[in-house]
Amino acid sequence: MSTRAASPGATPTIRAARPADWPALWRVVEPVVREGETYTYPTDLTSEQARDLWLAEPPAATVLAESDGVVLGTARMGPNKPGHGDHVGTAAFMVAPEARGRGVARALAEHVVAWHRAEGYRGIQFNAVVESNTAAVRLWRSLGWDIVGTVPRAFRSPAHGYVGLHVMYRPLDQHLE
C-alpha cells in the first residue's frame, strides 16, 4: 500500500482487511492511538498489540477504506457481547488524519450498517463515544444513532480533561416489531 495522498474527491472503496494490510492500517491506527482523544487504548500501544486488537476474527470483521491504493480509514465490527447479547452489534472506526472531513467515516458507517443488517443483527451499539469527539457524535446522530446514556467523566482526554463517554444505539429497521 502506498503512503501517497489519495484524490480528495474520490469515493473510497471498502473491502475486507487482510493480515497483509496491517502496515497500511497501522499508518491509520497509530496516529489515532497516539493522539489519545477518541479511544481508551494506551497511547504507547505497539503495532503488534494494536494488530491483535483491531484485526477481527469471525463472527467479527475488519474492513478498510481506500482510494487510489491509499488506505484512508478502517472499521471493526461484530457482536457487542457474546451469548444472549450477540443479536446487537458494535463497531469502531478510525480515519487517517489527512482524510478526515472527506466522507470516509460516513462511507465506513454505511458499510457497517449494511453488514450488520446482512448478518441479521437487531441493532448496533457504540459503547464508548467520547463526548468531546463532536464530529463523530454529530455523524453518528445523523446516521440514526441516539445517545442512550452518558457515563460522566469516564474518559481522560489529553486536550479536554475528564469528559463523558456516550453509549449510542441504532436499531436496524427490518427487525423492529
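1. Ser-142 lies in helix H4 (residues 134–142); helices here are DSSP runs of H or I with at least four residues, strands are DSSP runs of E with at least two, and both are numbered from the N terminus. Ser-142 counts as partly exposed because its relative accessibility is 46%. On this scale, buried means under 20% relative accessible area, exposed means over 50%, and partly exposed lies in between, with a 1.4 Å probe and protein chains only. The side chain of Ser-142 reaches the backbone oxygen of Leu-139 at 2.7 Å. Ser-142 and Arg-18 are separated by 124 residues in sequence and by 30 Å in space, C-alpha to C-alpha.

2. A remark on the basis of this note. The model is predicted, with local features requiring pLDDT of at least 70 and side-chain atom pairs counting only at pLDDT 80 or more, while totals for chains, interfaces and linings use all residues. Residues are numbered from 1 along each chain as its sequence is written, and side-chain values use heavy atoms, with hydrogens and water left out.

3. The sheet may be described next. Strands of a sheet pair through backbone hydrogen bonds, either parallel or antiparallel. In this structure, 7 strands form an open sheet in the order E1-E2-E3-E4-E5-E7-E6, and the pairing is mixed; two strands pair if DSSP finds at least two bridges between them. E1 and strand E6 (146–157) are the edge strands, each pairing on one side only. On average, neighbouring strands of this sheet are turned by 25° against each other, direction ignored. Axes are lines fitted to C-alpha atoms, for helices over the stretch in contact, and angles between N-to-C directions run from 0 to 180 degrees.

4. Individual partners can be named: Ala-65 in E2 is the bridge partner of Ile-14, Glu-66 has Val-71 in E3 as its bridge partner, and Ser-67 stands opposite Val-70 in E3.

5. Is E2 enclosed or open? Of the 7 residues of E2, 7 are buried, so the strand is largely enclosed by the rest of the structure. Both of its faces are covered: Ala-61, Val-63, Ala-65 and Ser-67 are buried on one side, and Thr-62, Leu-64 and Glu-66 on the other.

6. H2 lies across E2, E3 and strand E4 (88–95), running at about 50° to E3. Helix H3 (residues 104–118) lies across E1, E2, E3, E4, strand E5 (123–130) and strand E7 (161–171), at about 30° to E3. Contact in this note means heavy atoms within 4.5 Å.

7. Two packed helices are described by the angle between their axes and the distance between the axes. For helix H1 (residues 22–35) and helix H2 (residues 47–54), the axes come within 11 Å and cross at roughly 95°. H1 is therefore roughly perpendicular to H2; angles under 35 degrees count as roughly parallel, over 145 as roughly antiparallel, 65 to 115 as roughly perpendicular, and the rest as oblique. Trp-22, Trp-26 and Val-29 in H1 meet Ser-47, Ala-50, Arg-51 and Trp-54 in H2. The residues of this contact divide into 5 nonpolar, 1 polar and 1 charged. Ala, Val, Leu, Ile, Met, Phe, Trp, Tyr, Cys and Pro count as nonpolar, Asp, Glu, Lys and Arg as charged, and the others, Gly among them, as polar.

8. Asp-21 is placed in the loop between strand E1 (13–16) and H1. Asp-21 counts as buried because its relative accessibility is 3%. The side chains of Asp-21 and Arg-15 make a polar contact (2.9 Å). A polar contact is a pair of N or O atoms within 3.5 Å; within protein, one must be able to donate a hydrogen and the other to accept it, and residues adjacent in sequence count only if both atoms are side-chain atoms.

9. Pro-58 and Pro-59 are joined by a cis peptide bond, with omega about 15°; Pro-59 is in the loop between H2 and E2. Asp-68 has a positive phi of about 50° although it is not a glycine. The hairpin of E2 and E3, in which Asp-68 takes this positive phi, has 2 residues between the strands. Asp-68 counts as partly exposed, at 41% relative accessibility. Arg-153, in strand E6, has a positive phi of about 55° and is not a glycine either; Arg-153 is exposed, with a relative accessible area of 57%.
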